[in-house]
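Here is a friendly look at one protein model, starting with a single residue and then stepping back to the whole chain. Please keep the viewer open as you read.

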Amino acid sequence: MAEPQRIVIVGAGLAGASAAGALRDRGYGGEIVVFGTERHRPYELPALSKDVLLGKAGEPAWVREPGFYADNEIDLRLGVSVLELRPGDHTIVDSDGAVRSYDRLLLATGSRPRVLPGAQGHVLRTLDDSLALRSALREGRHVVVIGAGWIGCEVASAARAHGCRVTVVDPLAEPLVRVLGPEMGAVFRSLHEEHGVEFRLGTGVEGFSPSGVRLADGTELLPDVTVLAVGATPRLELAEAAGLELAEGGVAVDAALRTSAPDVFAAGDIAAHDHPRHGRRVRVEHWANAKDQGTHVAGSLLGLDEPYAKSPYFFTDQYDLGMEYRGLAGPDDELVVRGDVSAREFVAFWLRDGRLRAAMNVNVWDHGTALKALVDAQATVTPEQLREADLGALV
Ligand SMILES: Cc1cc2nc3c(=O)[nH]c(=O)nc-3n(C[C@H](O)[C@H](O)[C@H](O)COP(=O)(O)OP(=O)(O)OC[C@H]3O[C@@H](n4cnc5c(N)ncnc54)[C@H](O)[C@@H]3O)c2cc1C
């Protein structure tokens, strides 16, 4: 396959910028054009709900240093969106009205926050969102966080650090229950309750009035600040209009991150990836996935046919709890715990049919390599081994 002359990257987030950098790292000498709707140069999102929101950091981690793009002849078009993808004739139309051709194209458009009908309040996706929310988190204010997922929990933690009164609302019975299940969700609930967060669980939001949030159980909350943290939706409009195959709420890609359209690839939050290790499509909204798929897809854009095979990896920081989660478990998987849950120093494992599906280390940092190897191998292990054995020896 001839080396492409021009590669267009749609989305100047973590996946897109990682791909652009990796293309140059691989020695690609052709043209690279990166389109980004935002005016900031590419940055990473995790600090937006952590150190930036806490006021500990003035800015997020940038994917590359300021001079990198110009020094590497990467044409970074900030503040310019791609409005149309025409795979049939290998062109895109941008928001300046220009029609541009490509030889290969990467879609890395990420996600946007979900919103609720009639809702007014803060969302948290961009640096500007984070700075706006930070300035609203003032001592003594009542903050209502709608949604007890990862972002909702991290916002609650930051709001408490700013001295706000915090109420978290969710129709489910525990925070984070979809990913972690009820027992581990309860660990996070008690962490937040110990830090003064009030939960309204098992009751959804029924509607919004100009001053308040009406819950399904009839109560009305009157917050100073409302935060909508009800998940994110992949930005699929270009892919949909171009007729690309969709799956798992994202753009279907094969093991090497190729979409159904010739010369069009996808990576990061939008990619529903045919995962060789899991034997099914996997779409995750994780920092490591965007970074690693972005780096990997550079090879695919240059014609390599190597499967992307990394296991999902996720982390969070809330108060003094740090956690890493590797793998992909389901709600019916068997939970095994090693360590001291009440001290919040433990490793949780999820087993299915005797094989390890996922592991989560909470405030325990010395098993990382073994956990990664065991999860990657989907090791056959017993609950007793996971509780007692030297994990390194199980690898
Ligand atoms: C507040 C926050 C905290 C997070 N914390 C964690 C964490 O602790 N751990 C973890 O594992 N993950 C975390 N994540 C998730 C992780 O950051 C994302 O999964 C990751 O950033 C996805 O990268 P991406 O490149 O796919 O998308 P994005 O980072 O969303 O980048 C996509 C970019 O494309 C641009 N774009 C979209 N459409 C167009 C278009 N048509 N034309 C031009 N540009 C376009 C967007 O403006 C955006 O800048 C967090 C996410 C958020 C929002």
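## A histidine in a loop

In which loop is the place of His 286? His 286 sits in the loop between β21 (280-282) and α8 (287-301); helices (H or I, at least four residues) and strands (E, at least two) are DSSP runs, numbered from the N terminus. This is a predicted model, where local features need pLDDT of at least 70, side-chain atom pairs count only at pLDDT 80 or more, and totals for chains, interfaces and linings use all residues. Residues are numbered from 1 along each chain as its sequence is written, and side-chain values use heavy atoms, with hydrogens and water left out.

## Its surroundings

His 286 has 16% relative accessibility, so it counts as buried (under 20% relative accessible area, with exposed over 50% and partly exposed in between; 1.4 Å probe, protein chains only). Leaving aside residues up to four places away in sequence, His 286 touches Asp 269, Pro 312, Tyr 313 and Phe 314, a contact being heavy atoms within 4.5 Å. Phe 35 lies 251 residues from His 286 along the chain, and their C-alpha atoms are separated by 21 Å.

## The whole protein

Stepping back, the protein has eleven helices and 26 strands. Its radius of gyration is 22 Å, close to the 21 Å from the globule rule for 395 residues, so the protein is as compact as a globular protein of that length. That radius is taken over C-alpha atoms, and the rule is 2.2 Å times the number of residues to the power 0.38.

Of the 395 residues, 52% count as buried. Among contacts with a separation of 6 or more, 61% come from residues 24 or more positions apart.
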